[in-house]
Number of protein chains: 2
Amino acid sequence: MLVPMGRPKEFDPERAVAEAMEVFWTQGYGATSPQQLADRLRIGKGSLYNAFGGKRQLFDLALRHYLDLRVEGLAHWLEGTAPVKDRLREALLFLLSSDPDTLDRRGCLAINSAVELGRLDEAVATQVRGLFDRVEGVFASLVARGQREGDIRGDVDAKALASVLLNTATGLLVLSRLEPGPDRLTRVVDTTLALL
Amino acid sequence: MLVPMGRPKEFDPERAVAEAMEVFWTQGYGATSPQQLADRLRIGKGSLYNAFGGKRQLFDLALRHYLDLRVEGLAHWLEGTAPVKDRLREALLFLLSSDPDTLDRRGCLAINSAVELGRLDEAVATQVRGLFDRVEGVFASLVARGQREGDIRGDVDAKALASVLLNTATGLLVLSRLEPGPDRLTRVVDTTLALL
DNA sequence: CTTGTTCTTGACCTGCAGGTCAAGAACAGG
DNA sequence: CCTGTTCTTGACCTGCAGGTCAAGAACAAG
């Protein structure tokens, strides 16, 4: 069964999921039609339904792929020896755009999806909650280290500060969709870090 | 023209807009059909189109009504003589729910709409930006007063702190749609205020 | 009570979202 | 090269979103 019999797929399902993630990220779930997806993935619509089952199932895979990418990125945040505040700044700014010079303006697929679907769709809400918990955990580790190194004030519980940072990141990702320029966003980042 | 001729409307357009606001707030723009709106407003679908022009125009009115309500609430924040931090706490918690005991879980219509439509719809984005600017301005006034009264640290620019508060409020309103309980939200509020 | 105007309603229309399927193509095994 | 299996595609289907409209009702003016 390692080589399944029958006609082999002509496309790479993982690449397709990654592409679908981009589409959902840019357009949102409701504003994306199966036809658009098929076009972007370079496959027929029937092929899409044969491979993934439907728009919703493909979205679940795309969202999970996004979460995996983010979680993968978290590990990177924990490495390194630079002062914690510098790394927090880098992390927050990276969320806004992988390219430091230009705003992404798409925000975060997890947050966008939670806002669009989270009230009715418990599955999506659970997925996104899981990411938030992990992000908060990473923030807590970083803050604790910063406190040991004297880089971050020690009179506030690390977990409480981590919750604040999670909330700050969430706000930034939403505001980034509206802000015309990066001024307010960088001001938020700088000021927040100054308060720690 | 004070009394327009012809058959008079059988419903109050302002009440209808207010009701439409509730529907869009609860369900989102895309997930709300004209038929649902007509049912909730207790009018026929044709009547809805005659009175408002279409789903999108009605949404614009509903959003503007929401913004008016919020701006109206801002004035209330500025009044009173209680310590600024206490009033900031009250304001942030009020955003999460007009009833202090139960989470609203609908978040903020402006933010939800910006996330759902903001990328394609510049009109919505502009409206929401306007609200954000005013909220930030009110925060700045409050912070400045708090700094004069010694309630808030004076070593950080009031406008910078106002941006942080705006971002914090945004994050809270998004997280409130996902959080199972109020624990994390109140922790964010308390910790943020402690940092000021 | 006639006329002109505006409101009300539900039947009706168009287009597309979301999905199904039959026909055939591309494999592996025998 | 025949068979069973899986993939591919576009035509096709159903339902509903979003909107239009004709017929009639409720007014004010004259």
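The points below cover how the two chains are arranged, how they meet, and a few local features.

Please keep in mind that this is a predicted model. Chain B superposes on chain A by a rotation of 180 degrees, and 41 residues of chain B are in contact with 41 residues of chain A.

**How the copies are arranged**

- In general, two copies of a chain are related by a rotation about an axis and a shift along it.

**Where the chains meet**

- The copies meet through the same surface, because 100% of the interface residues of chain B are also interface residues in chain A.
- The size of an interface is often given as the accessible area lost when the parts come together.
- For chain B and chain A, the buried area is about 3700 Å², with 63% of it on carbon and sulfur atoms.
- There are 6 salt bridges across the interface of chain B and chain A.
- A salt bridge to look for joins the side chains of B:Glu136 and A:Arg184, with an N to O distance of 2.9 Å.
- On the side of chain B that touches chain A, the elements giving two or more residues are α6, α7 (122-148), α8 (158-175) and α9 (183-195) of chain B.
- Of these, α8(B) gives the largest share, with 13 residues.

- Most residues other than glycine have a negative phi.
- A:Arg105 is not a glycine, yet its phi is positive, at about 75 degrees.
- You will find A:Arg105 in the loop between α5 (84-96) and α6 (109-117) of chain A, where its relative accessible area of 27% makes it partly exposed.
- B:Arg105 also has a positive phi, near 75 degrees.
- B:Arg105 sits in the loop between α5 (84-96) and α6 (109-117) of chain B, and it counts as partly exposed at 26% relative accessibility.

**A region annotated in UniProt**

- An unreviewed UniProt entry places the feature "DNA-binding region" at residues 33-52 of chain A.
- That span is 80% helix and 0% strand, and its end C-alpha atoms lie 15 Å apart.

Key: Residues are numbered from 1 along each chain as its sequence is written. Chains are lettered from A and ligands numbered from 1 in the order in which they are written. This is a predicted model: local features need pLDDT of at least 70, side-chain atom pairs count only at pLDDT 80 or more; totals for chains, interfaces and linings use all residues. Side-chain values use heavy atoms; hydrogens and water are left out. UniProt positions are given in the numbering used here, feature names are shortened, and annotations may be inferred rather than shown by experiment. Helices (H or I, at least four residues) and strands (E, at least two) are DSSP runs, numbered from the N terminus. Buried means under 20% relative accessible area, exposed over 50%, partly exposed in between (1.4 Å probe, protein chains only). Copies are superposed by least squares on the C-alpha atoms of residues with pLDDT of at least 70 in both. Contact means heavy atoms within 4.5 Å. Buried area is the accessible area (1.4 Å probe) that two parts lose on being put together, summed over both. A salt bridge is a side-chain nitrogen of Lys or Arg within 4 Å of a carboxyl oxygen of Asp or Glu.
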